Amino acid sequence: MEPLLAISVGVMIAGALYLMLSGMLVRFVFGFVLMGNAVNLLIFTAGRLSDTAPPLIAPGRTLPAEPVANALPQALVLTAIVIGFAMTLFLLVLLYRTYDRTRTLDADQPVFVNEQAGTDDPAGPDPDGPDPKDPA
Amino acid sequence: MTHLLIFPILIPMVWAIISLFFRMNDRYVGISAIAGAVVHLVSTGLLLTAVVKQGVTVLWMGGWTFPAGICLVADLLSAVLVVTTAVIHTAVMIYACKDLHTRHVRAGFHSFMQMLTAAVCGAFLTGDLFNLYVWFEVMLMASFGILVMGHPAGRLTSAVKYVTLNLVSTLMLLTGIGLIYGLTGTLNLADLHEKVLAVENTAALTSTAMLLMTAFGIKAALFPLFFWLPAAYPTLPAGVAAFFGGLLTKVGVYALIRLFTLVFVSQPQITHTTLMAAALLTMVSGVVTAAAQTDIRRILSFHIISQVGYMILGLAVFTPLALAAALIYMVHNIIAKATLFLVGGLIHRAAGSFHLSHIGSLYKTHGLLAVLFFIPAFALAGVPPLSGFWAKLLIIYACLESRLYVPAALAAAVGLLTLFSMVKIWMEAFWKPHPRNTLSPDEAPPRNRSLSPWMLTPVICLCLVTVLMGLFIEPLLALSVAAGEQLMDPAAYVLAVKGGK
């Protein structure tokens, strides 16, 4: 079972890298999600796969009756899933706002390539200046 | 006494929640944030004194002890860095009080900053690898929030670079954690120290070490992984840039120091040699690129990279003295760099631009600002008797002691190039006649804005700290040497975690 999972993790990481390096930021999000899942699978596999009972203790006992699966990797994966979910949402909103402002999500466009973008542009308005729409 | 460990994390978290509720009341939320920062500073000071008195302090969360529980551990390295964090947090909060726009405050700036401080302190204090990952994620989330605040288009595109590269690095970190758990069956750092010695598959162990090194290398902005930093930092408001530039990369450096003194020490010819190469390339590439810049914030951002190289050099040399030097370097650099970014903000206020070609003659119009720039800039370059001189001297001395002549020479040369960049800002911003005023230099420049005492006070205090650290280095030196010995011989750390109960 482990070799099969190891190979699928490898295939998923390869696919994720391909998507991430394509230069389109929406594909980057898909790559990120895929890679996140691959890493979760890897943690799960690294924590040993075993054909045992789930880690539950019967009422009235302090120890499980038989050998149980390792619960820690599952807890780690659960935490990683939750955090990854939040990160993906943030990334999507960020890309949406970026598209809103720049009208492109192609990382090869000048607006992304130009390192000076966003720094002090003497001709343009101060990025931290008072917002004209701000009532205060 | 061990409960002192939780306060540096808990206090900013509580204040973050309070600030979130009162963020519309933008006058009082700033003052309450300063009060919170001062309380936080006091709590970290108490923690440092406790650690100095009692040695390594451990707090088991929820009463679960080794090996099932999760612990916070404070040794000298952690405690000193937590105090430095609190100092910068306080200074930035006072500065931000007048620097920020109302809409940033209403967007929850103070909550984000306080969560960021809590996360930085959490990362410094945790004794568990997975919790280190969680603190890094909290740090990332808070920094993302601050980065996109106000969302001008330029900052959004740089935020995309920052966010994507940092997300890749967290995935690498998570992969490394999964692999090391598979190899050893534990994620407690003190337990890992012993368990990795029993791992037979050293190839897998070293690969995991390199994976984690890459992940933290991205966070610490090591060569060749630093490209997100000069894209993102120059777009931030000055107070935020001071906090980010001063502290966030140092958390990556801290994680590298912790892992490569406590856990991955069995193959130093591979891991520490790689660190050495990365450190030297980081130092040189950062300083050379900085020389080509003309925006103050971009110059400072590239210098962050170059300075991180020195700290990693201290780790790579791997002697007690070198680690002590790395710690002194971190403390000095966090303070000097944060001060420089704040001064950069003041220059922008006074002259109306960050571009060296658009400003000038500040020495005449803002004499105090010239002094405030001079002190951290020359401390950064390593001019005696300021704090940077001792930091650089110790690093070079540690290199020479280990017969590493090329790194020592490079460290000295990079110091000179740093001086070149700082002199460039000095000449252009302070000495050169104002470009709009070249015809009649006696006339005052048109944009002569006065500076608020709220913004000057924290900068003056930080400058004083830099000077005093340089003049009275002995206490910090003694502390750092003790910390270096603690790091090289982790027996006390391991005993405190495993035997302390």
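## Basis

The model is predicted: local features need pLDDT of at least 70, side-chain atom pairs count only at pLDDT 80 or more, and totals for chains, interfaces and linings use all residues. Residues are numbered from 1 along each chain as its sequence is written, while chains are lettered from A and ligands numbered from 1 in the order in which they are written.

## Chain B

Chain B has 21 helices and two strands; helices (H or I, at least four residues) and strands (E, at least two) are DSSP runs, numbered from the N terminus. Its radius of gyration, taken over C-alpha atoms, is 22 Å, close to the 23 Å that the globule rule (2.2 Å times the number of residues to the power 0.38) gives for 501 residues, so chain B is as compact as a globular protein of that length. The C-alpha trace spans about 75 × 55 × 40 Å along its principal axes.

In chain B, 62% of the 501 residues are buried, that is, with 20 or more other C-beta atoms within 10 Å of their own; 12 or fewer makes a residue exposed, and partly exposed lies in between, with C-beta atoms placed from the backbone.

## Chain A

Chain A contains four helices and zero strands, in the order α-α-α-α along the sequence. Of its 136 residues, 25% are buried.

## M61(B)

M61(B) sits in the loop between β1 (57–60) and β2 (71–74) of chain B. This residue is partly exposed, with 14 other C-beta atoms within 10 Å. The C-alpha atoms of M61(B) and C71(B) are 5.7 Å apart, across ten residues in sequence.
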